[in-house]
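Dear colleague,

I am handing over the structure below, and after it I set out what was found. Please read the notes with the sequence and the model side by side.

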Amino acid sequence: MNSELTVAVHCLLFLNSREERMANSEQIACSVATHPARVRKVLSLLRRHELVTTKEGAHGGYLLKAELSQVSLGDLYRIFAQGSLRPSWCSGSEHSSCAISSNIPAVMNQIYGGAEHQVEMYFDRLPLSEVKRLLDEPDHRKEEDLMSEKSQDVWLFYTGSYAENKDPGIYLCELQRGTGEMRILHSISGLVNPSFLTLDAKGLRLYAVSEQAEGRVAGFEVDPKDGKLSMKGEKATLGADPCYLALQPGPERHLLVANYSSGHVNAFALDPEGAPGDMISLIRHEGSSVNRQRQESAHAHSAVPSLDGRFAFVSDLGTDQIVIYRLECGQLVKHGVTELPPGAGPRHFVIHPSERFAYGMNELNNTMTAYAFDPMEGRLEVIQHVSSLPTEFHGENYPADIHFSPDGRYVYGSNRGHDSIVRFHLDPKTGRLDDPAWTSVEGSWPRNFAVLEDYVLVANQNSGNIAALRRDPKSGHLTPTAHSLKVDKPSCIEPLPANLAAGMLQ
């Protein structure tokens with residue numbers, strides 16, 4: 001594992017151990033037996049991510065700014081070690097006449113990418129306070145005991161919905177993993193139609209659209225003790241009916257928003273408290289396509305950043321295009337376009353953790369599209385279209401959401417009309433999809449869903465319920481649990497990071 005990660009953990013724990021929570025780089029370097037320059041390099045990055053600050057003067061040094069319970073190993077992994085599991089060399093060659101040699105690079109990248117994803121998920125479950133506890137207790141417990149029994153058995157998630165300003169619109173909910181039973185812990189009102197939500201990597205800031213003719217976006221602070229939300233600010237999108245938002249990965253800190261009815265795409269800076277700040281970029285798509293009722297104009301339906309934050313992929317349902325932008329200091333600079341079949345209506349889009357493939361859900365022609373993805377060039381190439389429906393179904397249907405399983409082996413999509421979740425197996429070598437299976441969502445109009453390790457939670461908008469489907473991690477198959485949570489017009493599911501949820505439950 002990356003050695004800077006180990007030094008970072010030591011720096012934070014050492015600062016926490018001191019009464020004034022402060023030390024200079026020489027003191028820290030002496031305690032960890034490494035060169036002060038190396039410690040200063042690590043501390044510089046910790047400072048940039050607001051985990052430490054500096055105090056000037058003769059008795060100055062580095063001051064611990066964060067609480068150990070609010071910093072996970074996953075946070076440090078993303079700063080210091082992300083990508084360290086990827087192979088830096090490979091004996092295989094794509095041009096070799098040997099089938100084994102020519103296929104090794106693709107397969108190994110897939111394996112390493114999946115392994116890194118699993119490490120990151122595991123590290124997200126471990127706050128530094130837990131690492132400190134393990135250091136204080138020499139008889140280390142087994143992995144299953146690292147989190148409390150209660151937190152192991154419970155998932156927490158936020159639900160967005162269509163609601164009036166005076167009515168509850170965002171809910172914090174609890175899922176009992178043993179049974180699939182759910183309950184609402186608390187809710188918040190004050191925002192019209194918070195139909196789509198996203199959390200930052202730490203789970204301490206939540207962002208929501210306000211889907212209305214004069215669109216808005218809002219930022220909330222998450223109370224780490226109980227998950228209650230407090231609004232920190234909101235901004236107008238200058239577009240109509242924002243329906244999707246996403247945070248740009250990396251240090252630039254921009255919030256991307258897609259406005260469906262007007263075809264606008266926004267990029268907002270974030271202020272020091274994490275609330276939406278200045279609008280850095282505003283782009284309006286133009287065009288139409290063959291479906292005169294639904295494609296009379298451009299309709300930006302999602303804006304998805306690449307995993308390194310360099311590009312943004314905007315699915316435009318109205319023009320049958322994935323429009324690709326470069327993100328340059330928050331400015332959306334057009335980079336390219338990937339065309340889909342006329343009348344496809346691209347809606348939601350996801351990039352595989354291996355960064356070799358991407359997948360999109362098409363609302364108007366009931367298909368899922370597989371793409372070859374070049375992460376360096378920000379380029380997509382269509383490799384397959386598959387139906388989201390079983391052959392025997394001929395009714396009205398509109399596909400909606402799309403997500404991977406945590407291990408990246410399966411991709412899932414929701415069908416509104418057929419009222420199902422379709423599961424496809426993903427070929428790690430070619431990216432092609434096969435072996436589809438459908439499961440009832442135990443409700444009507446599954447707008448959005450979330451895939452957990454052993455559950456899929458589905459927001460059924462028209463039937464007003466969240467359904468819990470049990471998931472077999474090995475086969476990817478889903479099974480209804482018969483447990484349902486009543487929520488008025490639910491539209492989005494956003495799970496909390498496990499380490500933050502564990503702290504709330506304790």
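Four strands form an open sheet in the order E19-E20-E21-E22, with antiparallel pairing, where two strands count as paired if DSSP finds at least two bridges between them, and where strands (E, at least two residues) and helices (H or I, at least four residues) are DSSP runs numbered from the N terminus. The edges of this sheet are strand E19 (346–351) and strand E22 (379–387), each of which pairs on one side only. On average, neighbouring strands of the sheet are turned by 25° against each other, direction ignored; axes here are lines fitted to C-alpha atoms, for helices over the stretch in contact, and angles run from 0 to 180 degrees between N-to-C directions. Within the sheet, strand E20 (residues 357–362) and strand E21 (residues 367–374) run antiparallel and are joined by six bridges, and Ala358 has Tyr371 as its bridge partner in E21.

Please keep in mind that this is a predicted model, in which local features need pLDDT of at least 70 and side-chain atom pairs count only at pLDDT 80 or more, while totals for chains, interfaces and linings use all residues. Residues are numbered from 1 along each chain as its sequence is written, and side-chain values use heavy atoms, with hydrogens and water left out.

All six of the six residues of strand E8 (residues 205–210) are buried, so E8 is largely enclosed by the rest of the structure; buried means under 20% relative accessible area, exposed means over 50%, and partly exposed lies in between (1.4 Å probe, protein chains only). Both faces of E8 are covered, with Arg205, Tyr207 and Val209 buried on one side and Leu206, Ala208 and Ser210 buried on the other. Strand E7 (residues 197–199) runs antiparallel to E8 and is joined to it by three bridges, with Tyr207 as the bridge partner of Thr198. E7 and E8 form a hairpin with five residues between them, and Gly203 in the turn has a positive phi of about 80°. Strand E9 (residues 216–222) is also antiparallel to E8, through six bridges, and Ala208 is partnered there by Ala218; a hairpin of five residues joins E8 to E9.

Turning to the helices, H1 (residues 3–17) and H3 (residues 36–48) pack at an angle of about 75°, with their axes 10 Å apart. H1 and H3 are therefore roughly perpendicular to each other, a label given to angles of 65 to 115 degrees, whereas those under 35 count as roughly parallel, those over 145 as roughly antiparallel and the rest as oblique. The contact, meaning heavy atoms within 4.5 Å, is made by Ser3, Glu4, Val7, Ala8, Cys11 and Leu12 of H1 and by Arg38, Val39, Val42, Leu43 and Leu46 of H3.

In helix H6 (residues 128–136), the buried residues are Leu128, Glu130, Val131, Arg133 and Leu134, and these pack against H1 and helix H4 (73–80). Six of the eight residues of helix H8 (residues 498–505) are buried, so H8 is largely enclosed by the rest of the structure.

Finally, the cysteines: the structure holds zero disulfides, a disulfide being a pair of cysteine sulfur atoms within 2.5 Å. The sulfur of Cys11 is 13 Å from the closest cysteine sulfur, in Cys30, too far for a bond. Cys11 is buried, with a relative accessible area of 0%, whereas Cys329 is exposed, at 62%.

With best regards
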